[in-house]
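I set out to record what I looked up in this structure, entry by entry.

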There are 2 protein chains.
Amino acid sequence: MNLSPLQKARYEYAPKLPGMLRNGISEICVKEGNETQSVADQDKIKALFPNTYGKKEITFEKGQNTSTAKKHVVGVILSGGQAPGGHNVITGLYDALKATNKENVLYGFKGGPDGLLKNDYVTFDDAFIDAYRNTGGFDIIGSGRTKLETKEQFAIVAENAKKNGLTAIVIIGGDDSNTNAATLAEYMAANNTGIQVIGCPKTIDGDLKNEDIEASFGFDTATKTYSEVIGNIERDANSAKKYWHFVKVMGRSASHVALECALETQPNICLIGEEVKAKKMSLSQIASQIADSVEKRAESAGNFGVAIIPEGIVEFVPEFSVLIAEINELLAGKKTEEFNALPNWAAKYEFIKAGLTAESFAVFALLPEFVQQQLFLERDPHGNVQVSLIESEKLFSALVKDELDKRKAAGTYKGKFAALHHFFGYEGRCAFPSNFDADYCYSLGYNAFMLIQYGYTGYLSKVSNLAKPAEEWVAGGMPITKMMNMERRNGEDKPVIRKALVELDGAPFKYFEAHRDAWAVETAFTYPGAIQYYGPSSVCDITTKTLALEKGLLK
Amino acid sequence: MNLSPLQKARYEYAPKLPGMLRNGISEICVKEGNETQSVADQDKIKALFPNTYGKKEITFEKGQNTSTAKKHVVGVILSGGQAPGGHNVITGLYDALKATNKENVLYGFKGGPDGLLKNDYVTFDDAFIDAYRNTGGFDIIGSGRTKLETKEQFAIVAENAKKNGLTAIVIIGGDDSNTNAATLAEYMAANNTGIQVIGCPKTIDGDLKNEDIEASFGFDTATKTYSEVIGNIERDANSAKKYWHFVKVMGRSASHVALECALETQPNICLIGEEVKAKKMSLSQIASQIADSVEKRAESAGNFGVAIIPEGIVEFVPEFSVLIAEINELLAGKKTEEFNALPNWAAKYEFIKAGLTAESFAVFALLPEFVQQQLFLERDPHGNVQVSLIESEKLFSALVKDELDKRKAAGTYKGKFAALHHFFGYEGRCAFPSNFDADYCYSLGYNAFMLIQYGYTGYLSKVSNLAKPAEEWVAGGMPITKMMNMERRNGEDKPVIRKALVELDGAPFKYFEAHRDAWAVETAFTYPGAIQYYGPSSVCDITTKTLALEKGLLK
């Protein structure tokens, strides 16, 4: 193996635990809090989780360990997309498990939930674990996107778990995976398997967040990585003074990532999907808003700037969603063949014009040709438009160019507009976790084992007070059912953890809103630079501006 | 201004000077070496530079300063593309100038050579300079791409310089800019202006390098930034195990950047333009080589991998260059109108088929349609194909896909191939300079003033022994004419600094060549992580593998 100097150095890093977990396993006791209720739909959730509903919130404290001694065999999986720190959840879990009893065993099930279904696992030992301490990626055991949600799947998991003598399963995943963890916990309890299930909150998207979970892990490192390169691009724009950079960042359903990057880098423009939806903004309105910034800056700062575009933005534009629905309808069934048989784009264009409502055709006509063609030519196996393929950064720069051309013709705009495009996503999911994520994840894993040791199931490993130094963090557990409500999914009412979107009356958005008009015109760029793992604590230990604002630590 | 924590911390960083420059200005003396000769075409270069040719190489030593006391008024420009560390050349220059005599003055001419022509400048003082210490970007005074090369321009520069009382001009730039610095120095000497000219070697491309210049500044930071994100993508690929990532990196004329990134990250594939040209490789050969890696990995590691593609690669493929030349010919003059008048792509395709030689049409037919169309539809103001617009990362992934489809049909390949694309360039040009670049640049600037103080002109600020700790670096100066030879440029023989391409018998390429067959099949990824400015010296002070290999420090 060829290890980089940083990887070698990071092996030596000792993640910081919450103060209350620093005294050794024998000095950790439980303080029980109140019984919990789900955030909504209490009766329905209670009925669905008779064995795991309403349990008490707990925190750990310094004090004599009162758990019952028992040999534990734990299985862990990584579920869904990569997030920096996943390896540290596993190393923290391993360290607590082995510190409690050398005979305890940790299995890593490979490739996500599939590993549990196929009983495909590895047995961790010190050498194995040590090779992954404080590193990025999910390559330690891989991950997968299979959803664990049916009774049949649960039965297989239970059978494999019994075969291996498992006493507990830890699921490291996002909102869906933790919802599934709760359901699996209920199944295990209802069937008296004795197998506990604990969840850990992961996602770079930042949309697994609520009054109990201050932050999902990975969000800090991913947004710092994107902010690094966005800041570098800002500095380049401000040096060359000749390009507008349109930067798309990952995040399909929520704009937390874009917002955090904007708070860190202060670009001229940042679109927020939730705002676009709430204000029912049209493509023209958005393009016009960006063009206003370009025009004003052309007169003062110069013909350059930076705009951040969240990956999922077009799905938040109401008129665009209507257009997509109409296109899917227009090409349903045999109509695809008819469409495909048309000899050229001009003929296809007429077909489209005839088939769409006037409103939707007006939206369609506004789009640059490469997007028009993409909407019709590249479709998924069900014949539906692949919205995720739309290069929204190029779409908006094209719409802005059209708008500026009009303004130029009208004599109001006299600048030059040249755009460059970027997409940042994969770059941030597997970075070496920041000190914050390394500490937070290690604590989540360590804490998950404490929950197991004390016999809890259906709990989420909870570490809070995260905007403060790790010493002051609070470790404990929260019944996952507390975070659940009923939502309509695929035509059925399902108990799920509510996805956290950007709140337009929340402090992070309010801060952005208060400053963005100035940022749109001035060059107020901030250059965060690369993630630092060493050096002054102000540089290497601080988490996101989103959390600082939410906690009132930044005004 | 909104300063990031890292920017504040970097203000406090004290760049490391070469040992011999650490004793204070009064303790720096000159040691003259031998008279120099240009690397080739000595008679011609000598005739063109009668006043500045053949001067002695010099190094600085600890000893009594023997320079003649004189008030200095120095003008500095940044020329060409941004490179991390440019600000530090200026801060080093400023510090040496002020340490010598508080009355000395440093002007920064704005927007590159244009600033000298338009006499547009700022006067630096402590507060101004302090805001840019150890930061990325060229935003301190901007840069520009105007070439200073005509007698008329030189006369204007001389007049403006006299008006401002300049005693010296420092040009921070790449090979062309330093060639121009030499010509300007000769002009100033020939006309007895008394104005000295000193050059500093800048470019992230790494192609300003020779027996005197071990490295151009910015190459270290830029390649570390690209290697960070490439490494992150590798880790993501190795975690998800379902994508091949095609990563294009900046560098149009030389492949040093791609090669250094490959040495740092050990991807499965890295193309080197110089090799493609030397071996006269065809597009099919290249695609086939990549497909071999995909096929072999599908059987062992899995359906994922990473390939690095240098930005300028297609221009190195002989058959592609011929095709481009034929297309430019085919559409010369009025033929463009004829072509544009054709009703659709099918008709245009027939026109192309009829107009190209059979060999070139075969190459054309191989290209994916989006590249075919790009070649014909997007042309520069002279009607020529815009080769730089070709998305070579997408071109090669498409060619590889075609090749794999054939192999699948033939039954030899059974894997899945899904490609993702990235381009990294702007991200790296304005990063906070690494400690190496911060130290090197500060030393270049400090040293440039020592050359000025001792009355040298037509010299390049030279700092060498760079693979060793800064304490052991050697500071001095080299007549720029020593690096020059005659080359054909735009139909004329011109004296220029030879551009350094990747040498196929050089140690960096040899190392790559010795390992790449293994890397193509195995997952030997190395994850460098983000640039560190603090922490263990092994993590934060080491420069490139390219230099280590060139100096024999790595085998």
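I took two strands to pair if DSSP finds at least two bridges between them. Helices (H or I, at least four residues) and strands (E, at least two) are DSSP runs, numbered from the N terminus.

I note that this is a predicted model, in which local features need pLDDT of at least 70, side-chain atom pairs count only at pLDDT 80 or more, and totals for chains, interfaces and linings use all residues. Residues are numbered from 1 along each chain as its sequence is written, chains are lettered from A and ligands numbered from 1 in the order in which they are written, and side-chain values use heavy atoms, with hydrogens and water left out.

**Entry: the sheet**

I looked up how β8 (residues 244-249) and β10 (residues 305-310) of chain A are joined, and found six bridges between these parallel strands. Within that pair, A:Val247 stands opposite A:Ile308. Both strands belong to an open sheet of four strands in chain A, ordered β9-β10-β8-β11 with parallel pairing. Its edge strands, β9 (269-270) and β11 (419-424), each pair on one side only.

**Entry: the core**

I then turned to the largest nonpolar core, which has 258 residues. Such a core is a set of buried Ala, Val, Leu, Ile, Met, Phe, Trp, Tyr and Cys residues joined through side-chain atoms within 4.5 Å; buried means under 20% relative accessible area, exposed over 50%, partly exposed in between (1.4 Å probe, protein chains only). Among the residues with the most contacts inside it are A:Phe124 and B:Phe124. Leaving aside neighbours within four places in sequence, A:Phe124 has contacts (heavy atoms within 4.5 Å) that include A:Val76, A:Ile90 and A:Leu106.

**Entry: the interface**

How many residues does each chain give to the contact? Chain A gives 58 residues and chain B gives 58 residues. I counted six salt bridges between the two chains, each a side-chain nitrogen of Lys or Arg within 4 Å of a carboxyl oxygen of Asp or Glu. B:Lys394 forms a salt bridge with A:Glu391, with the closest N and O atoms 3.9 Å apart. On the side of chain A that touches chain B, the elements giving two or more residues include α8 (219-240) and β11. The largest share of that side, 10 residues, comes from α8 of chain A.

**Entry: A:Asp220**

Finally, I looked up A:Asp220, which is placed in helix α8 of chain A. A:Asp220 counts as buried because its relative accessibility is 1%. Leaving aside neighbours within four places in sequence, A:Asp220 is in contact with residues including A:Ser434 and A:Phe436.
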